[in-house]
Amino acid sequence: MIHQTGAVHLDGVKPRPRPGKLVYDGANKELHFYEIDAETQAEKFAFSFDKNHAYEIRTRAREQLIEWRVQGNHTSALIVISDLKFTRLVRDKYLSHKNIFWRYATYVWSESFGRVIIALAVALTITGIGAHYFMENSYHLIPVTWDKSVGDQAEVGLKEFGAICASPETVRDLKKFLPYFKESGTPHQYDIQILKSSVENAFALPGGKITVFSATVQKAKNYEELAGILAHEVGHVERRHGMQQLSQYMALRLVLTLAFGMTDDGSILSFAADAGALLLLLKNSRDHERDADAFAAQKLGEAGISSRAIRQFFERINKDYKSEVSSVPDFVLTHPADEDRIKFFERYETKNKKQINAAAERLNPEIRELLEQKPVISAACKVSGDLKKNNGNEETDGD
Amino acid sequence: VEAEVKLRVSFSGKGGEFFILLIKNFFLTLITLGVYNFWARVNVQRYFFMHTEIAGGRIGWHATGKERFVGFLKASVLLAIIIGLNTLLIKISPYLGIILPLGIILLLPAVIVAMYRFRMSRTSFNQVRFRFSGRAGNLTAMTLKGGFLTLITFGIYAAWFSAQLRTYLYRHTTIGTSGFDYDGDGGDIFVIYLKGVLLTMITFGIFNSWFTAEIANYHTNHTLFQGQRLKGEVDGTDIFLLNFFGPVLALLTLGLWVPWWLVKLKAVMLQGVSLTAPPDIDLMHADPDTTANALADGLADAAGLLDNIADFLT
């Protein structure tokens, strides 16, 4: 079968277009171009195509452009036709020896909207699954031994919140709870310090350094409250949330930099990418809070310490800061709403009542006694006057 | 036939098409963990070029993602060697650490020339490639003098320096065998900038659109091809409307408006350019630059990426 269509040839040497026709000889699988003389309308054979060169087929409005490059990329020729059937024939028959991916990759996208949608759906699924898996697990690539040095570096940032003060009795008492909360054989070296601040807050740095703000100690009714907060912070350390966030942020930044940072002309695009990354990380940070809560609930239960105090703590916080928190939509909060957290602890306790009670029986009497005591604080750490309200974040893991 | 030649640049890009292109770029970049970026950028550039026509001729962009990626890989190796060498030198003596950075700064004009050569050799008018034949040596001398004078005049000389640079770049740019030229004057540019910056400040940025148009038109009006002057008629009002409503519409449509915005902006800038006389296309005969390559662009990419990573780590 012979197929033909009108075509314009641009040879890459002279800019004047040469009109003619493109002929596909199906029997011999050959493609020929015949030039048509503008005045006499006479057809003259011009050349045949060489299959071995690089071809690209593109659409531009109603035209299809077939470009082929002769060795190197310093010159290329172009055939312009407006016959989709013929173009498909060239693609499927004449160029059938070419790598199918490259044959289709350049063309399919612009040919059918349906295929674009399907390809998008496939890409979206693969990307989604891949990204999720990577985000969840990439921190495993970072050795545990790095946690401490990362934590030490991040510690400098604590200065923003206030100065570290000495309150050896508080630290000594709090440290008594650590054996109940940390995992057996943990690679982390725990340490507790008090930071003088009128803001209620607590931080866990990767590696095991936990910083409790003095206002939290002062406002706590008893050590049971602080034990809950401590268990939550130990959860951040054991589950390596800080490192997870760090690795996620790094990975995200790298991919986004590759995707948008290196644009020749795209400041508008990078602006959109940054906003997306931020929302993604915020959501992740809330997941980490829930995870640390789950850890705390489990460890408190195993130790036989009731979560009653931590729930009361949340309630108090909730009441104190209600006006501020409710004005921020849950979606952009780094912490889950306190009511959700209270309910979570409640549910856990109801479900595991027996085990918790049994563990409580076994609990060291000294600890049991300590739980009910009002936490002590040294004069050096004590904040006088009205305790300021915090900014709606209770325990944030600073990393 | 010559009388029918359309002298004004026409741009037929469409927001919808560009949107699909960006989506494709975005996903392929993500699933290839960024590697597709090189192809993506080529796609965007090619889209803008292939929809641009002037005097019945098609503009083309012929760089390939592959060559840009290969350029980037080669450049990364080169950069790694340089950094390694520099670390060694610093270990020997901290003073030796100045040698390589200084060398790179002095070689910067060569990199710029190589980038320009690559870009021109991959741009075409009806498949006839552009060509840049400037020498790095000339640019180095010009940059040293221009940079020094700009420094001691507190930036005022930059206007004259930029005019010289443009003259140098245009004068060495040809389409095949037909050349460009530029005759803009530093004094005029200085006045436009002075006026533009002052009015932009007074009007809280509103004048910026007219400033952009004025400077673009000035450069176009002082560009010559085959000895014929080009004419710039970009209207600042068009830019203003697009950039004023652009962000609003982008927010309202959750970013979907961005491709349309970019395409419309491109159309305004391109369609404000026209020739004053039909070009003699028989004078444009291909003169391909067979040695131009993407190494310099790769170097810029690699350095940019390194900078970005360093930025993030500190």
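Start by selecting B:Trp61, which is buried at a relative accessible area of 5%. Here buried means under 20% relative accessible area, exposed means over 50%, and partly exposed is in between, with a 1.4 Å probe and protein chains only.

Before moving on, some housekeeping: this is a predicted model, in which local features need pLDDT of at least 70 and side-chain atom pairs count only at pLDDT 80 or more, while totals for chains, interfaces and linings use all residues. Residues are numbered from 1 along each chain as its sequence is written, chains are lettered from A and ligands numbered from 1 in the order in which they are written, and side-chain values use heavy atoms, with hydrogens and water left out.

**Aromatic rings**

A pair of aromatic rings is described by the distance of the centres and the angle of the planes. Rings of Phe, Tyr and Trp (its six-membered ring) pair if their centres lie within 6.5 Å; planes under 30 degrees apart count as stacked, over 60 as edge-to-face and the rest as tilted. By this rule there are 34 aromatic pairs over all chains. B:Phe49 belongs to helix H2 (residues 37–50) of chain B and B:Trp61 to strand S3 (residues 57–61) of chain B, so the pair ties together parts that are 12 residues apart in sequence. Helices (H or I, at least four residues) and strands (E, at least two) are DSSP runs, numbered from the N terminus.

For a cluster linked by ring pairs, switch to chain A and select A:Tyr24, A:Phe33, A:Phe47, A:Phe49, A:Tyr55, A:Trp68 and A:Tyr94.

Two rings have a charge over them, where the rule asks for NZ of Lys or CZ of Arg within 6 Å of the ring centre and within 35 degrees of the ring normal. Select A:Lys21 with A:Tyr34: the lysine lies over the face of the ring, at 5.8 Å from its centre. Then try B:Lys266, whose charged end sits over the ring of B:Phe48, 4.7 Å from the centre.

**A helix pair in chain B**

Now show helix H1 (residues 15–31) of chain B together with H2(B): their axes come within 9 Å and cross at roughly 170°. That makes H1(B) roughly antiparallel to H2(B), a label for angles over 145 degrees. Axes are lines fitted to C-alpha atoms, for helices over the stretch in contact, and angles run from 0 to 180 degrees between N-to-C directions. Residues making the contact (heavy atoms within 4.5 Å) include B:Phe18, B:Leu21 and B:Leu22 of H1(B) and B:Val44, B:Tyr47 and B:Phe48 of H2(B).

**Polar side chains**

A:Glu349 lies in helix H14 (residues 338–351) of chain A and is buried at 16% relative accessibility.

A:Asn73 is buried at 8% relative accessibility, and its side chain makes a polar contact of 2.7 Å with that of A:Arg69. Leaving aside neighbours within four places in sequence, A:Asn73 is in contact with residues of chain B, among them B:His62, B:Glu67 and B:Arg129.

**Two positive phi values**

Most residues other than glycine have a negative phi. Select A:Gln41, which has a positive phi of about 60°, in the loop between strand S3 (30–36) and strand S4 (43–48) of chain A. A:Gln41 is exposed, at 54%. Finish at B:Asn126, with a positive phi of about 45°. Is this residue buried or exposed? B:Asn126 is buried, with a relative accessible area of 3%, in the loop between strand S4 (123–125) and strand S5 (128–132) of chain B.

Conventions:
Parallel < 35°, antiparallel > 145°, perpendicular 65-115°, else oblique. Polar contact = N/O pair within 3.5 Å; in protein donor to acceptor, adjacent residues only side chain to side chain.
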